[in-house]
Amino acid sequence: MKILHIITNTELGGAQKVCIELCRCAVADGNSVAVASMAGGYLWEQLPESVLQFKLKNMVKSIKPKKDIFVFFELKKFIKQFKPDIIHLHSSKAGVLGRLVAFPHCRKVVYTVHGFDSIRLKYRVFLPLEKILQNFCGAIVGVSDYDNKNLKSEKIIKNVSTVYNGIDEKSIVPSSQFPVKTDKKTVMTIARISPQKKIQMFLEVAEKLPDYQFIWFGGSPEYSAEELSSIYKIPENVNLLGDVPSASSYIHFCDLFVLFSNFEGLPMTIIEAMSQKKAVVASNVGGIYELVDDSNGRLIKNDVDTACKVIKRILDDDNLRTDMAEKSYEKFKRAFTLEKMWAGYKSIYEKLNKQ
């Protein structure tokens, strides 16, 4: 098969990691693969050499009608050139543009919704468009049962299924040296710096728990490190390390992985932490409950005092934390491996390609 992935931006988030892994699997299975996205960014460096790269000159994250029209015709040109059997769309903007560009060949389109709450809760104005465009693709994929249920509750019901995100644990090569020297137990997160990812809550929790070191991997698309220091009060026990493409290689150094958030799909960073045998504390939002429960960590409301109590309890009990770490790995192997994710998408691709 010839498979074209279209994704809006190239920052290394969960959707980008899924796209990269699916490209690797498809290439390994002997398929021809191409990716279309905005120019620049880490995504391009992570793709297999054989993947064709279509860099969209006018693609931007936000909605820009004039630019988006140019992107529409850029995609038309690339699709005519590549002649894909399957077009796989990632993220809401690519999902809209890709489905319109592919018309009338809708049967070949797969649209993965990487966290439906971003539309359902934050950008609800786009729901009517999503309801119309469900008729313009062969498959709509939620990355969690939570997303699947909410899609259907919003009357997006046509060809909807669930494929859990997954990773290859062997792709995470543990680093030999941690970038921060500390003798304290370490709490780590990997996320972009933004209000959605609860950076303020992370900093407040750290300030109340000075006996532990808090590490944040991930940068801000809007502010430099110097600007962030002027916006936020950074406690002495916090290190903001910025964008590090290999951030997951440092997970094995931490004692506890956390992810605070307002909404999520099925976070790849938590799956990475589970694959590295880490207990997890996370906000009880989106599909996170399908990854984390009382056996391998704790789900919490977005409250600083609650987070502090739970984090301290786990860090101070080595036996509890070790047991949670083992349960994390067991859950990972059971449902969230790359092999399982690829099998799910491959089945969809083959079904659509036969129609």
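Trainee: Which residue does K333 form a salt bridge with, and how far apart are the closest N and O atoms?

Mentor: K333 pairs with E169, and their closest N and O atoms are 3.1 Å apart; a salt bridge here is a side-chain nitrogen of Lys or Arg within 4 Å of a carboxyl oxygen of Asp or Glu. Keep in mind that this is a predicted model, where local features need pLDDT of at least 70 and side-chain atom pairs count only at pLDDT 80 or more, while totals for chains, interfaces and linings use all residues. Residues are numbered from 1 along each chain as its sequence is written, and side-chain values use heavy atoms, with hydrogens and water left out.

Trainee: OK, and what about E154, is it buried or exposed?

Mentor: E154 is buried, at a relative accessible area of 11%, where buried means under 20%, exposed over 50% and partly exposed in between, with a 1.4 Å probe and protein chains only. The side chain of E154 meets that of R124 in a salt bridge of 3.0 Å, N to O, and R124 is partly exposed at 42%.

Trainee: How many salt bridges does the count come to?

Mentor: The count comes to 19. One of them joins R298 and D294 at 3.8 Å, N to O, with R298 partly exposed at 25% relative accessibility and D294 exposed at 57%. Salt bridges that share partners also join K185, D318 and R321 into one network.

Trainee: Switching to helices, at what angle do α1 and α13 cross?

Mentor: The axes of α1 (residues 14-28) and α13 (residues 338-354) come within 10 Å and cross at roughly 75°; axes are lines fitted to C-alpha atoms, for helices over the stretch in contact, and angles run from 0 to 180 degrees between N-to-C directions. The two helices are therefore roughly perpendicular, a label for 65 to 115 degrees.

Trainee: Which residues make that contact?

Mentor: With contact meaning heavy atoms within 4.5 Å, V18, E21, L22, C25 and A26 of α1 meet L338, M341, W342, Y345 and Y349 of α13. These residues divide into 9 nonpolar, no polar and 1 charged, where Ala, Val, Leu, Ile, Met, Phe, Trp, Tyr, Cys and Pro count as nonpolar, Asp, Glu, Lys and Arg as charged, and the others, Gly among them, as polar.

How values were computed:
Helix = DSSP H or I, 4+ residues; strand = E, 2+ residues; numbered from the N terminus. Parallel < 35°, antiparallel > 145°, perpendicular 65-115°, else oblique.
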